[in-house]
Amino acid sequence: MTVPPTTELDALPAVRTAPAVEESDAIVIGGNLAGLFVAHVLSQLGYSTRLIEKSPRLGGLDSSFTNTNGRTFDHGLHVLDYMRSELVTRTFLHAIDGEVNELVRRRGIVLRDHVLPYDAPADNWPDELRSLLPDRDIVDDIERPTRESIARVYGSEFADFVYDEILASYPSEMRHKELGVDEAELVTNVYPWFFPRATRTGARTTVSRSYHERMRSEPVELMLYPKEGGFGGFADAFRRKLEAQGVEVLCGLDDLAYDIERGSQTVRSIEAADRRFSAPRVYWCAPVGALCGVLGVPMADTKPDWFMLGSFQMEDPVTCDFTELIVGAPEHAISRVSFPGKFSGGPDDLIQVEHAVPRAGEWPLDKDHWRETWLASLSKLGIVGASNAVVDFDFKRFPTLYNCYGVEGVRMPEIELELPPESNLRPVLPTIRSVNLSTRVPQFLEFLALDLAQNGIRS
Ligand SMILES: Cc1cc2nc3c(=O)[nH]c(=O)nc-3n(C[C@H](O)[C@H](O)[C@H](O)COP(=O)(O)OP(=O)(O)OC[C@H]3O[C@@H](n4cnc5c(N)ncnc54)[C@H](O)[C@@H]3O)c2cc1C
């Protein structure tokens, strides 16, 4: 029963006094690696800094989670490439005090029902696949992979295989093809991942292609993975460093109210959880789309895919020597398989399966469908034996642009965000691309260094 108010005064809403403003030199919005890096550098330079993250924990999709038996998984394969960027490797190692496992990357590819090493020469391919290629040494001088240039170098049968099977195994790419994206643009997502080793003389026109060339010329590729806490251990380590440096890290603030001076686009204050913050500089390290929302700037529809993630814990160890498999076979509804047990140094009984599918379409979204579909493929590919039972299965799906246009070198619609020079807002990386950290992190630092050098915060 509702108790009626006894007097008219009782019925008046309580008068809310605005909380006192809490000042700092900088506010960093977004607590994944961009935000963690920026806050880390600012506090190292002596700026008082506050970091605000809307989720209950730091790390975004780079955080990890545990299954019902306490085993750790990531949101898809996440490893730090050793010395792909010296700056990044050293910064991550410093953040985590060297507490990482150093692993040799063993990448495999799946074509039809065959699992073979990435970059195996054609002579080592199974006969069924070898027969698609010409019977001569292959010299790849391709500048731009198109159906014609692939046919010229690898033969028309292999070119058809690339388009009709490998590319077709990526539903998101097929969706883009339907939407009118040039297939020669889409094929850069599978070239040269699924191609046999060849002498390559073509130009290294993109970051991605240079990376492939380097990987192919180096005898081993190393990667780093935290000893504790999955890949998210890096974000956890950054947080400990930040807090030790006096940075206030606030998580779970998903109801931020921005007071923005229209015209100058200056953030006067940010209110959340009964507190009010203000700073002469606000570094935006969350997705740029969210900033468009705050500023009321219209944004093009990016049509993210569904990223499906299956995390299996098996009774017995898996039967696969590779650290990861990329799949170019439409008969397997899988984009990538990885083995988190191998990364953490724990029992090798964990399997992570990823697949990106368009949100528009008849893709089933239920857990049981994907569990059975993926198990059938894992068994057909010989990764789980007939007697190996599932101990635990976790299923997640989330919208992502990762497998959409998110490969370096492929044009994506970018957001043009022009802020007046007097604004205190700094979008640290105004892009919607998701690229490797070794490319991204130096860009965060470059942006910050330029901003501080040219403008300063307290000058
Ligand atoms: C499946 C997958 C696998 C990957 N694997 C690798 C890999 O193996 N190696 C590698 O180097 N890179 C990998 N990447 C890329 C790497 O994860 C990204 O480069 C990195 O996540 C980018 O971090 P970020 O801080 O720029 O942005 P984001 O990840 O976009 O982080 C933004 C943060 O801001 C928060 N936020 C959002 N909106 C708001 C708001 N309004 N207010 C406050 N906070 C907000 C979010 O919760 C999030 O924590 C992978 C990416 C994906 C998706």
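How many residues surround the ligand, and which are the closest? There are 31 of them, and the closest are Asn32, Glu53, Asp62, Val435 and Leu437, where a residue counts as near if one of its heavy atoms lies within 4 Å of the molecule.

Before I go on, a word on the basis: this is a predicted model, in which local features need pLDDT of at least 70 and side-chain atom pairs count only at pLDDT 80 or more, while totals for chains, interfaces and linings use all residues. Residues are numbered from 1 along each chain as its sequence is written, and side-chain values use heavy atoms, with hydrogens and water left out.

Let me start with the polar contacts, meaning pairs of N or O atoms within 3.5 Å. The side chain of Asn32 places an N or O atom 2.6 Å from an oxygen atom of the ligand, and for the side chain of Glu53 the distance from an N or O atom to a ligand oxygen is also 2.6 Å. Leu77 takes part through its backbone, with an N or O atom 3.0 Å from a nitrogen atom of the ligand. Taken alone, the ligand exposes 1,000 Å², of which the protein buries 88%, with accessible areas from the Shrake-Rupley method and a 1.4 Å probe.

Turning to the secondary structure, helices are DSSP runs of H or I with at least four residues, and strands are runs of E with at least two, numbered from the N terminus. The elements that give two or more residues to the shell around the ligand are α2 (33–44) and α14 (437–454), and α14 gives the most, with three residues. By class, the shell has 17 nonpolar, nine polar and five charged residues; here Ala, Val, Leu, Ile, Met, Phe, Trp, Tyr, Cys and Pro count as nonpolar, Asp, Glu, Lys and Arg as charged, and the others, Gly among them, as polar.

On a 1 Å grid over the protein atoms alone, a cavity is a set of points where a 1.4 Å probe fits but cannot get out, and lining residues have an atom within 4 Å of a point; grid points are joined across faces, edges and corners, and a volume is the space filled by probe spheres set on the points. The count comes to one cavity of 30 Å³ or more, and the largest cavity holds about 30 Å³. Its lining consists of Asp74, Gly76, Leu77, Tyr225, Ser338, Pro340, Phe343 and Gln352, that is, four nonpolar, three polar and one charged residues.

Finally, some local geometry. Tyr191 and Pro192 are joined by a cis peptide bond, with omega about 0°, and Pro192 sits in the loop between α8 (183–186) and β11 (199–200). Met83, although it is not a glycine, has a positive phi of about 60°, and its place is in the loop between β6 (80–81) and α3.

Terms used:
Polar contact = N/O pair within 3.5 Å; in protein donor to acceptor, adjacent residues only side chain to side chain. 1 Å grid on protein atoms, 1.4 Å probe; cavity = no way out; pocket = protein on both sides within 12 Å on 5 of 7 lines; lining within 4 Å.
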